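Trainee: I am new to this structure. Can you walk me through how to read its features?
Mentor: Let us take them one by one.

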Amino acid sequence: MRVGIIDLGTNSVRFAVHRLGGKGKSKSLHREKLMVRLGQGAFLQGRLDRAAISRTLHAFSRFKRVATRLKVDKMIAYGTSALREVADREKFIEQVRAKTGIELRAISGEEEAKFIALGVLANEKLPKGRFALVDIGGGSTEISICRGKTVLHAFSFPLGTARLQQIFLRKSPPDLQKKAEMRAFIRNTIQQERLASGWPKVTRVMGSSGTIRAIGRILQLNPENTQIERAPLAKLNAAMARMTTTELLGISGMEARRVDMILAGAVLFEEILGVLGAKKAVCTEYSLRDGLLEEERRLLKRHTKSHLALHLADLREKAVAFGADPRHLERTEALSADLFRKLRPVHRLGLEWLPYLQAAAVLRDVGEFISLSQHVKHSAYIVKNSDLAPLEKWEIELLAELCLRHQENRVAPADRPFPKNRARREVFMKLLALLQVVDALDSGSETRLRLVSSRASKRRVDLRITGARLTGMEALQLEMRSAIFTQVFGRIIRAERV
C-alpha cells in the first residue's frame, strides 16, 4: 500500500510518499518541502492572503501529479494553525478539493499535539524519566510532557514564529519594548497552562520542527551532538535583537527563508525552556508527518480503514470530561463489542463497523451534561462540533445521527442520513438497531451486565444475560425498545436473565 501524506503548516507544506508493508514496515519513496507561507498575514487579517492561496494550490497540484506518477493508494492531507483559524477555511478546502481532488482537513491543536507526540515516541530513542516534547510551528507550538511512551500532558499554544513576528516583530531590528512584550506574552501564556494543569518541571527536552533545527545550525552544533543549551541560545537572541535583516543574513548557518522569523522562534524556544525548567534540549527529526505515518501503520496492522478504532480511549476521555463514569463507559464499550460479535450472523456487518457502535455507545448520553431534557440533541451537537478524533465528515455525521436517534422507536426514511448513499444508510439503520439494544440493557453505572450467549432463529433473537446489581428491568426495557431492531432484521429480540 502506498500512502501520500501532506502536512500543511503556517509557513511550509511537506509532502511524503511511503510504501507500507503488511507488517507495518515502511519505505520512503518521495519527500519534499515547499515554503508556501499560507499564514502570510493570516493572524492579523483573519483570512488567507490571495498570493498565499495561489502558492499553496500550485503546491497541491504538484503533489497530486507526483502521487499519480507513484501510484499512491491513499492521500492524507492535514492543515494546522493557520488553516484552522481563518474565516475562509472551508472555501479554501473546497478550492483544494475542486482543483486536485485531495481532501484537506484542518486538525485541532489537540490533535496536532497528539500526532507530533506519536511521531516522536514511536521512532526516537527516549530518555529515562519525565521529558518534554516541543514543536514550534509558524502559528502554534505544541508541548507534551511524557514518561516513556506515555503522554502525561499535551497542549497546543497559539504561539508560533509567523504569528509572533506579525504581532510583535514587524521591524528589523525590532522595537525593544515590543520584544519585551513578546517575551512576557509567551511566558504568561505557557505558565498559565502549566500551573492550571499541574505540569511537573522537566530537565530534558526534545525539540522537533524546522525552526528548532535551524536554531541548532546557527549555534553550529556538531552533527554528533545535537544539544541546544539555553545559555548560548540567550546570547544569540540578545545579539540577533540588535541586527538588521542584512546582518542576520550574515550569520553562519542562517537560512534566508527563515530570516524574518528566526528571532521570534529563538526567543520562543528560550522562554519555553525557561518555563519548563530545562537548561538544554536535543533535536529530533521526527514530527507531525511521522505521527500521521505511524497512525497509518497501526491501521494497516489492525486491518481497518477508520482512525476511530485507534481513538476509542480518546472518546472515553471526552465523555468523562462531560461527567460520565469511566468504568461504566468501559463496560458499555465491552457490551457493545460482545453484542456486535455474537449477533454477526444477524446483522452481517464487517468488523470494520464495530468501532462505530462502540463510539456511539460511549457518546450517546454526553448531552446530559448540558440538559437531561432533549439530551440527545445536545449529544449530537457535541459530536458534530468537538474534535473527537481524526474522522471524515461522513463518519462524524454517522455518529451524530446515532446519538440523535438512539431513543426513537421509528426513523422515517426521509429522516435517515446519507440519502444518496444506500449502503451507508443501511449500515446506519443496523447500527442504530444494535445501539438501542445496548441502551436498553444498560441500566446505569452500578450495573455489571454481561452477555452470556445469543441464539437466533428466522423470527427471533434470544439473549442470555447475567451480572451484578441488575435492576430486573433489562428484559422489559429491551422489549419496549426493540421496534427498530424488528423493523431492520425482521426478528423480535428478547433477553433472559440466567
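**Reading the sheet, a helix pair and the pockets**

Mentor: Start with a helix over a sheet. This is a predicted model. Helix α2 (residues 50-69) lies across β1, β2, β3, β4 and β5. Its direction is about 155° to β3.

Trainee: In what order do the five strands of the open sheet run?

Mentor: Read a sheet from one side to the other. Here the order is β3-β2-β1-β4-β5, and the pairing is mixed. β3 (26-34) and β5 stand at the edges with a single partner strand each, so one side of each has no neighbour in the sheet. From one strand to the next, the twist averages 20°.

Trainee: In which sense do β1 and β2 pair, and over how many bridges?

Mentor: Strand β1 (residues 2-8) and strand β2 (residues 13-20) pair in the antiparallel sense, over seven bridges.

Trainee: Now two helices. At what angle do the axes of α17 and α18 cross?

Mentor: Look at the axes and their directions. Helix α17 (residues 375-385) and helix α18 (residues 393-405) cross at roughly 170°, and their axes come within 8 Å. An angle over 145 degrees counts as roughly antiparallel. α17 and α18 are therefore roughly antiparallel to each other.

Trainee: Which residues meet between α17 and α18?

Mentor: From α17 come Val376, Lys377, Ser379, Ala380, Val383 and Lys384. In α18 they meet Ile396, Leu399, Ala400, Cys403 and Leu404. The residues of this contact divide into eight nonpolar, one polar and two charged.

Trainee: How much space lies in the largest pocket, and which residues are closest to its centre?

Mentor: The largest pocket holds about 1,300 Å³ of space. It is lined by 46 residues, and Arg105, Pro390, Leu391, Glu392 and Lys393 are the closest to its centre. Elements giving two or more residues to this lining include α17 and α18. β4 gives the largest share, five residues. By type, the lining has 22 nonpolar, eight polar and 16 charged residues.

Trainee: What is the volume of the second largest pocket, and which element gives the most to its lining?

Mentor: Its volume is about 760 Å³. α5 gives the most to the lining, with eight residues. The lining has 28 residues in total, with Lys114, Phe115, Val151, His311 and Asp314 nearest the centre. They divide into 15 nonpolar, three polar and 10 charged for the whole lining of the second largest pocket.

How values were computed. Residues numbered from 1 in each chain as written. Predicted model: local features only at pLDDT ≥ 70, side-chain atom pairs only at ≥ 80, totals over all residues. Heavy atoms only, no water. Axes fitted to C-alpha atoms, helices over the stretch in contact; angles between N-to-C directions. Helix = DSSP H or I, 4+ residues; strand = E, 2+ residues; numbered from the N terminus. Parallel < 35°, antiparallel > 145°, perpendicular 65-115°, else oblique. Contact = heavy atoms within 4.5 Å. Nonpolar A, V, L, I, M, F, W, Y, C, P; charged D, E, K, R; others polar. 1 Å grid on protein atoms, 1.4 Å probe; cavity = no way out; pocket = protein on both sides within 12 Å on 5 of 7 lines; lining within 4 Å. Points joined across faces, edges and corners; volume = space filled by probe spheres on them. Pairing = 2+ DSSP bridges.
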